[in-house]
Every structure is written in C-alpha cells, then in structure tokens.
Amino acid sequence: MELGLLYSGGKDSTLAALLLEEFYDVTLLTAHFGVSDDWKHARETAAAAGFAFERLECDPEVAHDAVDRIREDGYPRTGIQLVHQHALEQLAAREFDAVADGTRRDDRVPTVSRAQAQSLEDRHDVDYIAPLSGFGRSAVDRLVEARLDVTVGPSEEIDRADYEAELRALIAEEEGRAAIADYFPDHDQTYVTNVR
C-alpha cells in the first residue's frame with residue numbers, strides 16, 4: 001500500500017516515517033508554496049533516511065492567507081493550522097492509499113480532529129494516519145534519541161522545511177526580518193541529519 005507523509009525533515013515526521021515503513025511504501029512529501037527553496041532540506045533528510053521524496057505543490061494564496069491570519073491574531077497558531085489543513089487536502093487528492101503526518105498527542109498546532117480526519121477520509125477515499133498521536137513529547141524524544149541524529153536550535157537558525165519557514169519568509173519579505181519576532185515566539189526546531 002502506498003502512503004504519502006507530510007514531511008518537514010524534523011524529528012516528528014521522520015519518526016512517523018520510520019514507524020510506518022513496515023506497513024506501507026512511504027513517500028515523504030514537503031508542502032511547498034514557491035516562497036523559498038527550504039524544501040531541499042527535507043529532500044536531503046529523506047535521502048539520508050532512504051525514503052522516496054516529492055514536493056507537494058500548494059496554493060501560494062493559502063500561504064498569504066495564513067500570513068494575514070498570523071498578523072490579525074498576533075501569533076502563528078491559526079495560520080499554521082490553515083496551511084496544514086490545505087497540505088493534507090492536497091496530499092489526500094493524490095494517488096495514495098493512505099496519508100499521514102507527524103502530529104503528536106500534545107501538539108498545540110497543527111492538529112487534526114477526529115471529525116476532520118473522518119471528513120478527509122470520506123471525501124478522498126483515503127486512510128488518514130497519525131502514528132504519533134498516542135505519543136507525548138518525552139516519549140517521542142526517547143525514540144528519537146535511539147534512532148536519529150538531530151540538530152536542535154532556534155527557529156531562525158535551523159535549516160528545515162516546515163510550514164513556518166515559508167511563512168516567516170513571507171513576513172520578512174513584506175515587513176522585514178525584525179517583524180518575524182512580533183508574530184513567532186522564540187522556540188526550538190529540529191532537523192534530522194542521520195538515521196541510525
């Protein structure tokens with residue numbers, strides 16, 4: 001069975017791929033809005049992990065709508081959620097038997113409710129799988145420590161291919177780099193450099 005996994009090159013989506021590979025032919029797909037070439041970081045990690053990789057072309061207007069939401073709210077949660085829902089829709093419209101992401105039980109954003117998952121499955125005749133949905137952060141961290149080499153650091157310094165990277169780039173392009181701090185709180189990101 002073919003499965004498409006939304007992929008950032010970070011620890012959660014990489015761990016999700018490793019958990020699913022025993023049961024599916026996994027292809028890692030990075031949502032891309034044409035804003036930057038950050039997707040290349042995910043391609044490198046996918047190659048190091050031995051997975052097929054594709055870019056998932058998404059509507060640039062959705063990224064702009066997400067940035068507008070971020071500005072209105074003053075924080076990124078609803079904007080990132082909007083982008084994640086769009087990426088899942090784009091992925092589900094592809095020719096996969098199942099689609100997945102690396103969302104954890106304790107994630108604040110993005111999340112997928114049971115109703116959203118059921119709707120996605122019904123409308124696209126596809127299975128939605130969130131293999132980390134029963135895992136909290138500490139459990140994920142222990143599994144990651146056993147299998148992955150990971151670079152961790154502040155968001156603005158870590159090479160990655162998550163939604164936030166392109167949204168930050170749009171804000172920087174429109175308002176300058178200093179404006180990013182007005183919307184995104186300081187937090188760490190991860191980037192997988194090797195799978196053991």
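Colleague: In which helix is Gln81 found, and is Gln81 buried or exposed?

Modeller: This is a predicted model, and in it Gln81 is found in helix 4. To judge burial, one compares the relative accessible area with a cut-off: under 20% is buried, and over 50% is exposed. Gln81 has a relative accessibility of 14%, so this residue counts as buried.

Colleague: Which residues is Gln81 in contact with, leaving aside its neighbours within four places in sequence?

Modeller: Leaving those neighbours aside, Gln81 is in contact with Val109, Pro110, Thr111 and Gln116. Two residues of that list deserve attention next. Val109 and Pro110 are both found in the loop between strand 4 and helix 5.

Colleague: What kind of peptide bond joins Val109 and Pro110?

Modeller: The general idea comes before the case. Most peptide bonds are trans. The bond between Val109 and Pro110, however, is cis, with omega at about -10°.

Colleague: At what angle do helix 4 and helix 5 pack?

Modeller: Helix 4, residues 77-92, and helix 5, residues 114-124, pack at an angle of about 25°, and their axes are 10 Å apart. Angles under 35 degrees count as roughly parallel, and the two helices are therefore roughly parallel to each other. Their crossing is right-handed. On the side of helix 4, the contact is made by Gln81, Gln85, Leu88, Glu89 and Ala92. Helix 5 contributes Gln116, Leu120, Arg123 and His124.

Colleague: How many residues of the contact of helix 4 with helix 5 are nonpolar, polar and charged?

Modeller: The residues of this contact comprise three nonpolar, four polar and two charged.

Colleague: Where does Gly9 lie, and is Gly9 buried or exposed?

Modeller: Gly9 lies in the loop between strand 1, residues 2-6, and helix 1, residues 11-20. Its relative accessibility is 0%, so Gly9 counts as buried. Not counting residues up to four places away in sequence, Gly9 touches Thr14, Ala42, Thr45, Thr190, Tyr191 and Val192. The C-alpha atoms of Gly9 and Arg43 are separated by 7.6 Å, although these residues are 34 apart along the chain.

Colleague: What can be said of the contacts in the protein between residues at least 6 apart in sequence?

Modeller: Among those contacts, 77% join residues at least 24 apart. The secondary structure comes to eight helices and seven strands, and 51% of the 196 residues count as buried.

Colleague: How does the radius of gyration of the protein stand beside that of a compact globule?

Modeller: A compact globule with 196 residues would have a radius of gyration near 16 Å; the protein has 16 Å, which agrees. Along its principal axes, the C-alpha trace spans about 45 × 40 × 30 Å.

How values were computed. Residues numbered from 1 in each chain as written. Predicted model: local features only at pLDDT ≥ 70, side-chain atom pairs only at ≥ 80, totals over all residues. Heavy atoms only, no water. Axes fitted to C-alpha atoms, helices over the stretch in contact; angles between N-to-C directions. Helix = DSSP H or I, 4+ residues; strand = E, 2+ residues; numbered from the N terminus. Parallel < 35°, antiparallel > 145°, perpendicular 65-115°, else oblique. Left-handed = near helix turned anticlockwise from the far one by under 90°. Contact = heavy atoms within 4.5 Å. Nonpolar A, V, L, I, M, F, W, Y, C, P; charged D, E, K, R; others polar. Rg over C-alpha atoms; globule rule 2.2 N^0.38 Å. Buried < 20%, exposed > 50% of the residue type's maximum accessible area, 1.4 Å probe, protein only.
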